Amino acid sequence: MEILKDAAAAAIYGSRASNGVVLITTKRGKQQKTQISLNTYYGGQTVWREIEPLSGPEFVGLIQEGVRNRFGDAVVPSQIGLVGLNDDPSTYPNTNWFDEIFRTGAISQTDLSFAGGNDRTKFYVSGSYFLQDGTIKGSSFDRYSFRFNLDNIVSDKFKIGTSNSLSRSLSTRINNDNNIFGVLSTALLLGSHIPTFNPDGTYGRDPNASIENPIAAYREPTNDVFSNRLLSTIYGEYTLAKGLNFRTSLSVDFINFREFRFSPTTTNAGAGTGGTGIEAMSNELALTNENYFTYRTSFGDLAFDALLGASFQNSKFESFFGQGENFPGNTITTLNAASIKRDVTSSRSEWGLNSYFSRFNFNWQQKYFLSASVRADGSSRFGANNRWGVFPAISGAWRIGQENFLRDNRVISELKLRASWGLRGNYEIGNFASRALISPGANYLQRAGLAPAQLGNPDLTWEQREDIDVGIDIGLFKDRVLLQVDAYKGTTNELLLSRPLVGSSGFTGITENIGSIENRGIDIQLTTFNVNKEKFQWSTTLNMSFFDNKILTLAGTPFASGFASWVEEGEALGSFRGFRVVRLFQTQEEIDALNATAREMSGNPNAVYQSTLTRPGDIMFEDLNGDGLLTTADQEILGNANPTFFGGITNNINAFGFDLSFFFQFSVGNLMFNNTRAFSEGMNSIFGQAATVRDRWTPDNKTEDTNFPRAVFGDPNNNRRTSDRFLEDASYLRLKNLSLGYRLPSSIVNKIGMSSLRIYVSGQNLLTFTKYSGFDPEVSTFTTSNTAPGTDFLTFPQARTMLVGLNVGF
C-alpha cells in the first residue's frame with residue numbers, strides 16, 4: 001500500500017485524486033514452486049468505555065425534583081400527565097441498559113492462498129472467510145471472498161493478465177445514531193427505572209415516551225443487507241519498439257445490494273402499523289477502459305520516461321424500493337403478505353468520465369529530477385459549458401547527497417530537496433446536479449403527477465484544489481536516522497457544496513460553487529534504526545502533522561450545519577458556534593438585577609435577561625454584545641474540530657525469532673461537540689440520565705464548582721441550548737495496534753513439512769488516554785458531511801480487540 005501526498009504525484013490522477021490517492025498492489029504469483037499459505041486468527045471485541053447511568057430510584061427522584069422545580073413543591077408528576085412516577089423512588093427497579101446491550105463479540109478470519117508459476121505463466125489464488133459479531137447485540141458481519149490473479153507471457157513482446165475478486169457479505173444491522181428505535185440510542189434514552197421485562201413476559205416500556213426497549217431493539221427487528229461484488233480486470237501489454245510499450249485494460253466493478261427490513265408488532269416502530277416491511281435492491285455496474293503508451297530511454301547520464309493515455313469510465317445504477325404495512329403476523333415477512341402497500345419506487349441513473357493524461361520524467365545522474373504532467377477530465381455531471389477540467393502539475397528534486405562535496409560525508413548520508421505544484425479536481429456531486437429536475441410521484445386522486453425536484457445551476461463547474469509542497473529528506477549516519485519534512489499549502493477553489501435554502505422556496509438546497517478553502521500544514525516523519533544486529537533489530541518511526549484551515553470566500557450568508565457547526569468566511573471548516581457559559585445563578589437577587597438592567601437598556605418594561613422563568617441553579621450565558629439581553633446575536637465561534645497536531649509513533653522489534661510491534665496514535669487540540677450530553681445530562685424530560693448529574697445544583701448543593709444546572713422539567717431557561725457546555729477537548733493518546741509473534745526456526749518447521757510457522761497475539765485500541773467523556777474521542781456522527789465534523793450523538797463506539805493468530809506456509 002502506498003499513499004501519495006505530493007501534489008504532482010497525485011495530480012496525474014486528476015479528479016480521481018480529489019481526496020488523496022492510495023495505491024494498493026494485490027499479491028501476484030512468482031516463478032517458483034507452488035507455495036501454500038494459511039493465515040487465521042480468532043479473538044473478541046468489547047467497548048473500551050461505558051457511560052454510567054443513574055440508577056432507577058435516582059432517576060425517578062430526579063424527575064420528581066424537576067417537576068417540583070418547575071411547577072411548585074406540591075406538584076407531583078401525574079398532575080402534568082406523567083404516568084407511574086409518583087411513588088417513593090426507592091420502590092422502583094434498577095436496570096443498567098448498557099449491561100443488557102453490550103457484549104464480547106467474536107471476530108475471526110481465515111485465508112488460504114496458492115501462488116506459483118514458471119517463466120511464462122504465474123498465478124495467485126486465494127479464498128477468505130471473515131466473521132465479526134458487533135460489540136452491541138444484534139449486529140454482525142460475515143464475508144466470503146475469492147481472488148484469482150494470472151499473468152502470462154505470450155511472446156517476447158506480448159503479455160496478458162487478469163485480476164479478479166469476488167465477495168459476498170451479510171451485514172446484520174441495528175438502528176443507531178440519532179434514532180429513538182436504535183439499540184445504543186435507547187439504552188441511553190430509556191430511563192433505568194423501566195424493567196427489562198414485565199411479569200407477563202412482555203418488554204418493559206416507558207408509558208410516557210415512545211422510546212423502544214433496547215432488548216427489543218436488537219432482538220425483534222430484521223435488518224439484513226446482502227452484498228455481492230465482482231471486481232475484474234483484464235489487461236494486455238505489447239512492446240512496440242525498444243523502450244516503447246502500449247498497455248490496455250478493461251475493468252468491471254459490479255455491486256449487487258439487497259436489503260430486507262421488518263419491524264414486527266412487538267416493537268414500537270411496528271406496533272402502530274401492524275408490522276412494517278421494507279425490501280430494497282440496487283445494482284451498479286462500472287466499466288473502466290484505460291489505454292496508455294509508455295516510453296523509457298536514456299542518453300548518457302540523462303534518463304527519460306513518458307506516458308500518454310486515455311481513460312473512459314461509465315457507471316449505471318438502478319434501484320428498487322418497496323414498503324408494506326399491516327401483516328397477518330410476524331412470521332411471514334415478505335411484502336406480498338402486507339395488506340397495505342405503502343410505497344413502491346424505482347430509479348435509474350448513469351454517469352460518465354472521460355480522461356486524457358500525459359506525464360514526463362527527467363533524471364540527470366540520479367541527482368536532478370524533473371516531472372511534469374497534465375490531465376483533462378470531462379464529467380457528465382456538469383453542464384456542456386463547464387464539462388471539462390484541466391489539471392497540470394510539475395515537480396522537481398535535487399539529491400544534494402549525491403554531489404561530490406557530500407558523497408563521502410560521515411554524518412550526512414542522504415540529503416534531498418523536493419518541490420511540487422499541482423491542480424486536482426473534484427466532481428463528487430449528484431449525477432445531474434447542474435440541471436433543473438422534475439420528479440414523478442406528485443400524484444393526486446389516482447392521477448399521475450410531476451413536480452419540481454431540483455433547482456438547476458448551469459454555471460456549476462469543477463471544484464479545483466491547488467497544492468504547493470516543499471520538502472526535505474535527510475539521512476544521517478548511513479541512513480540510521482531518516483527525516484522527512486514537508487510543508488504544504490492547498491487552496492480549494494470553486495468549492496462544491498449544497499447551500500441551504502429557506503423552506504418557502506420549495507427546495508431545501510442548491511448545489512453551487514460557493515467559495516474557497518485554504519489548508520496549510522507541516523508533516524514530519526522521523527525514523528531511527530536503534531539497533532541493527534544480525535539477531536536483534538529495533539526501529540522507531542514518529543510522524544506528526546500540524547494542520548490549519550480557513551474558509552477564504554463564501555458565496556451567500558454563513559449557515560449552520562449539523563447540531564453546532566457553522567460555516568462562515570474567515571473561520572475554519574469544522575467551526576462550532578453557540579453561546580458561552582458564564583456560571584450558574586446562585587440567588588434570585590442577581591437574576592432580578594440583570595432583568596432590571598435589561599428593561600433599562602431596552603426600554604421595554606417586560607424585558608428579561610434570559611427567561612421569565614430563570615431561577616437559581618440555571619445557567620447564566622454571556623451577553624457578548626452588551627445590550628443587556630441574551631439573544632441569538634450573542635452567539636460566537638467557540639472553537640473547531642481540527643486538531644492542533646496529530647500523528648503516531650511505531651516501534652518494530654525483531655529478536656531471536658520474536659517480533660513485537662506497537663503503534664500509538666495521538667491527536668491534540670481537537671474539540672468535539674458532545675450532543676449526547678444534551679440529552680443524557682439535560683435533566684428536562686423523561687430521557688434517561690447519566691450518573692454525572694448527581695453533581696447537579698440544588699438548594700443544598702450551591703457550590704459554584706459544579707458544571708451541572710438544576711433539574712427542571714421542560715428547561716424553561718434553555719440550559720440545553722447550543723453552548724460551550726457540551727464542547728469538549730477530544731485530545732487522546734491511544735495504543736492503536738499491538739502485536740507479539742514468534743516464528744519457529746526453519747530447522748524445526750521443515751521437519752514437519754512446512755516452510756514457515758508463526759504464532760502471534762495482537763490487539764487494537766487496547767489503551768486510551770483522554771479527557772473526553774463520551775464513548776469514543778474518534779467518532780463523528782455526520783460521516784457523510786464535510787461541514788459538520790467532530791460531532792458525537794449516540795454514535796457507535798470503536799471496539800477494543802484481542803486476537804490470537806497463526807501464519808503457516810507450505
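How many nonpolar, polar and charged residues are in the lining of the second largest cavity? One point first: the model is predicted.

The answer is 7 nonpolar, 4 polar and no charged residues. The residues in question are Leu62, Ile63, Gly66, Met683, Asn684, Ser685, Phe687, Gln689, Ala711, Val712 and Phe713. The volume of this second largest cavity is about 60 Å³.

How many cavities of 30 Å³ or more are there? The count is 2. The largest cavity has a volume of about 110 Å³, and 17 residues line it. Those nearest its centre are Pro53, Ala187, Leu188, Gly688 and Gln689. Two or more residues of that lining come from each of α3, at 97-101, and α4, at 183-189. By class, the largest cavity has 10 nonpolar, 6 polar and 1 charged residues in its lining.

Now from cavities to a pocket. The second largest pocket has a volume of about 750 Å³. Several strands each give two or more residues to its lining: β3 at 32-47, β4 at 105-117, β5 at 121-133, β6 at 140-153, β7 at 158-172 and β8 at 222-241. Which element gives the most? That is β4, with 5 residues. In total 28 residues line the second largest pocket, and Lys27, Asp111, Tyr124, Ser126 and Arg147 lie nearest its centre. By class, this lining divides into 7 nonpolar, 14 polar and 7 charged residues.

Strand β3 also holds Gln35. Gln35 is partly exposed, because its relative accessibility is 41% and that class runs between 20% and 50%. If you want a sense of distance across the model, take the C-alpha atoms of Gln35 and Gly628. These residues are 593 apart along the chain, and the two atoms are separated by 79 Å.

Next, the surface. A nonpolar patch of about 790 Å² is formed by Tyr42, Phe536, Trp538, Phe656, Phe658, Leu740, Val761 and Val804. I will pick out two of its members. Val804 sits in strand β37, which covers residues 799-809. Its relative accessible area is 47%, so Val804 is partly exposed. Phe656 is in the loop between β30, at 645-655, and β31, at 658-668. Is Phe656 buried or exposed? Phe656 counts as exposed, because its relative accessibility is 61% and the cut-off for exposed is over 50%.

Phe656 has a further feature, in its backbone. Its phi is positive, at about 55°, although Phe656 is not a glycine. Asn718 is another case: Asn718 is not a glycine either, and its phi is positive at about 55°. Where is Asn718 placed? Asn718 lies in the loop between α9, at 675-680, and β33, at 727-729. With a relative accessibility of 36%, Asn718 counts as partly exposed.

On the opening question, the lining of the second largest cavity has no charged residues, while the lining of the second largest pocket has 7.

Note on methods: Residues numbered from 1 in each chain as written. Predicted model: local features only at pLDDT ≥ 70, side-chain atom pairs only at ≥ 80, totals over all residues. Heavy atoms only, no water. Patch = residues over 30% accessible without salt bridge, like charges linked within 9 Å, V, L, I, M, F, W, Y side chains within 5 Å. Areas by Shrake-Rupley, 256 points an atom, 1.4 Å probe, with all protein chains shown as cover. Salt bridge = Lys/Arg side-chain N within 4 Å of Asp/Glu carboxyl O. Helix = DSSP H or I, 4+ residues; strand = E, 2+ residues; numbered from the N terminus. Buried < 20%, exposed > 50% of the residue type's maximum accessible area, 1.4 Å probe, protein only. 1 Å grid on protein atoms, 1.4 Å probe; cavity = no way out; pocket = protein on both sides within 12 Å on 5 of 7 lines; lining within 4 Å. Points joined across faces, edges and corners; volume = space filled by probe spheres on them. Nonpolar A, V, L, I, M, F, W, Y, C, P; charged D, E, K, R; others polar.
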